[in-house]
Amino acid sequence: HHTFFEMLGNFSFGDYFKENAIELAWNLITKEFGIDAKRLLVTVYHNDDEAFGLWKKIAGLSDDRIIRIATSDNFWAMGDTGPCGPCSEIYYDRGEKYGCGKPDCKVGCECDRYIEFWNLVFTQFENDGNNNYSRLAHPNIDTGMGLERLACISQDVDNLFEVDTVQNIMKHIMKIAGVKHHDDEKKDISLRVITDHVRSTTMMISDGVMPSNEGRGYVLRRLLRRAARHGRLLGIDRPFLYEVAETVIKENDTAYPSLLEKHDFIINVIKAEEENFAKTIDTGLN
């Protein structure tokens, strides 16, 4: 779980529907990204025979790799009324070594073997509020794929903090603190908190959020202060997050040019907030 994550998606409002969405997804994953098709499984809503048949036809998946799920996990809705529809999630099987070893281990298990990374939502119904569903005249597609999860799969690592670009941020923190990852669990927690929070705050400031005592500005302030406090737990007794933000910008500037455009502003805001918080901490300790 992260305070900042990146979501990929594709949308269609009447141009194409289920068959094209599934075909686009399968081609992107297996042909463009080169993910092993033998490791992929999908879920469909329990009564969505159309999606079940399309996965067999397009992807050539066997029946046991298309799992029917009858819960709301596989049915998307905005609320009690309005547009809604069945989902089809795509899972990657990381292998037995990540499993729980139980004979009934399968998609949906709490262990780390199966990772869901793309959800295709087929918005095809209108709910009148009394669970009466009518077909939409123009059904549409809304999908969401976690970029970090895709990176974990592509790079064959256990979690986001092991992905190359994020590792470079953590390595910067380790260099400042003089500690190593995986040596001490408590220090690992602090490393992960700082890594996550400095990513988030750098992005928030580039989006125009400023530290304050209310609303989203307060969220930003809390994240910065929590990261600074964990820096103290690692033995860092000076403002340092603004230095780490340099690495965040460097690792993300290709996808987010605004980070470069607002480089000085971002660094200055983080540094000022850190310095103010440091005074608060020192006063409190005294």
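**Salt bridges in the predicted model**

A salt bridge joins the side chains of arginine 199 and glutamate 148, with an N to O distance of 3.7 Å. Because arginine 199 belongs to helix H5 (residues 185-206) and glutamate 148 to helix H3 (residues 147-155), this pair ties together parts that are 51 residues apart in sequence. Arginine 199 is buried, its relative accessible area being 5%. Glutamate 148 is likewise buried, with a relative accessible area of 9%. The structure described here is a predicted model, and it holds 13 salt bridges.

A further salt bridge is formed between the side chains of aspartate 93 and arginine 113, at 2.8 Å from N to O. Aspartate 93 is located in strand S6 (residues 82-93), whereas arginine 113 is found in the loop between S6 and strand S7 (114-127), so the contact ties together parts that are 20 residues apart in sequence. Both aspartate 93 and arginine 113 are buried.

Arginine 68 and aspartate 49 also form a salt bridge, in which the closest N and O atoms are 2.9 Å apart. Distant parts of the chain are linked by this pair: arginine 68 lies in strand S4 (residues 66-69) and aspartate 49 in helix H2 (residues 49-59), 19 residues apart. Arginine 68 has a relative accessible area of 38% and is therefore classed as partly exposed, the range for this class lying between the 20% and 50% cut-offs.

Key: Residues are numbered from 1 along each chain as its sequence is written. This is a predicted model: local features need pLDDT of at least 70, side-chain atom pairs count only at pLDDT 80 or more; totals for chains, interfaces and linings use all residues. Side-chain values use heavy atoms; hydrogens and water are left out. A salt bridge is a side-chain nitrogen of Lys or Arg within 4 Å of a carboxyl oxygen of Asp or Glu. Helices (H or I, at least four residues) and strands (E, at least two) are DSSP runs, numbered from the N terminus. Buried means under 20% relative accessible area, exposed over 50%, partly exposed in between (1.4 Å probe, protein chains only).
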